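Trainee: I have a new model open on my screen and would like to learn how to read it. Could you take me through it?

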Amino acid sequence: MHGDGLTIAVYPGSFDPITLGHLDIIERGSRLFSQVIVAVLANPSKTPLFSVAQRVRQIEQATAHLPNVEVDSFDGLTVAYARQRQARVILRGLRVLSDFEYELQMAHTNRSLAPEIETVFLTTTTEYSFLSSSVVKEIARFGGSIDHLVPPSLVAEIKQCFQPHLSAT
Ligand code: ADP
């Protein structure tokens, strides 16, 4: 298939919660592709901090400034969802070497299932290379500042989860 300048990319993940590292990938992806669909995976094997509906809303707020970004949720195989949305690209972020083995395995698996869909990796901006949703939750649990790690619209909501006696500001 030839490039037609209208490539839709699906960016799948847990986003529990979305971090500035994720947002960086979304912003850069939105400059490369005609549309980026951020797809929240409803993964029954994980116990999330936020429900899928909450995460979709949080990502919508954080990406409101990006007109070609849509937020959705899915379950099942990522390639099946990508096909359904007529996406030719699965977008993923690479932080450190330890991400690589898992991501490579996923990319090969997905190509064996759907050869017409390409996995495209963007390497993280250096300042976010240590950042993950788990790191954010760990810091918030112990009352540390997460202001520099997550979109501003989300700071109070996350703090509230761990320090419910504090009023959300
Ligand atoms: P998953 O459970 O599918 O790994 P995540 O929400 O943890 O979902 O991550 C989704 C994608 O975003 C993955 O490709 C992951 O490598 C990437 N990612 C996570 N954190 C960052 C970051 N700080 N910088 C760049 N990419 C990131």
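Mentor: Gladly, and let's begin with a rule: a salt bridge is a side-chain nitrogen of Lys or Arg within 4 Å of a carboxyl oxygen of Asp or Glu. Keep in mind that this is a predicted model.

Trainee: How many salt bridges does that rule give?

Mentor: The count comes to 11 salt bridges. The general idea is that side chains of opposite charge can pair when their charged atoms come close. Here, Arg85 and Asp72 meet through their side chains, 3.2 Å from N to O. Arg85 sits in the loop between helix 3 (78-84) and strand 4, and Asp72 in strand 3, so this pair ties together parts 13 residues apart in sequence.

Trainee: Which residue does Arg83 pair with?

Mentor: Arg83 meets Glu116 in a salt bridge of 2.7 Å, N to O. Arg83 belongs to helix 3 while Glu116 is in the loop between helix 4 and strand 5, so the pair ties together parts that are 33 residues apart in sequence. Arg83 is partly exposed at 42% relative accessible area, and Glu116 is partly exposed at 38%.

Trainee: What about Asp99 and Arg95?

Mentor: Asp99 forms a salt bridge with Arg95, with the closest N and O atoms 3.0 Å apart. Asp99 is buried, at 12% relative accessible area, whereas Arg95 is partly exposed at 38%. Elsewhere, Asp16, Arg55 and Lys137 are linked in a network of salt bridges.

Trainee: Arg95 makes me curious about what lies around it. Which residues does Thr124 touch?

Mentor: Leaving out residues up to four places away in sequence, Thr124 touches Asp24, Arg28, Leu94, Arg95 and Ser129. Thr124 is found in the loop between strand 5 (118-123) and helix 5 (133-141). With a relative accessible area of 16%, Thr124 counts as buried, because the cut-off is under 20%.

Trainee: How should I read a helix that has buried residues?

Mentor: Start with the geometry: an α-helix has 3.6 residues a turn, so residues three or four places apart point the same way. In helix 2, the buried residues are Arg55, Val56, Gln58, Ile59 and Ala62. Seen down the helix axis, they fall within an arc of 165 degrees, so they line one face of helix 2. What covers them includes helix 1, strand 2, strand 3 and helix 6.

Trainee: Last topic: the backbone. Where is there a cis peptide bond?

Mentor: Look between Asp16 and Pro17, where omega is about 0 degrees. Pro17 is in the loop between strand 1 and helix 1. Ser51 is 34 residues from Pro17 in sequence, with their C-alpha atoms 9.9 Å apart in space. Ser51 is in the loop between strand 2 and helix 2.

Trainee: Which residues other than glycine have a positive phi?

Mentor: Phe15 has a phi near 50 degrees, and Gln86 has a phi of about 55 degrees. Phe15 lies in the loop between strand 1 and helix 1 and is buried, with a relative accessible area of 2%. Gln86 is found in the loop between helix 3 and strand 4 and counts as exposed, at 64%.

Technical notes:
Residues numbered from 1 in each chain as written. Predicted model: local features only at pLDDT ≥ 70, side-chain atom pairs only at ≥ 80, totals over all residues. Heavy atoms only, no water. Helix = DSSP H or I, 4+ residues; strand = E, 2+ residues; numbered from the N terminus. Buried < 20%, exposed > 50% of the residue type's maximum accessible area, 1.4 Å probe, protein only. Contact = heavy atoms within 4.5 Å. Arc of directions from axis to C-beta.
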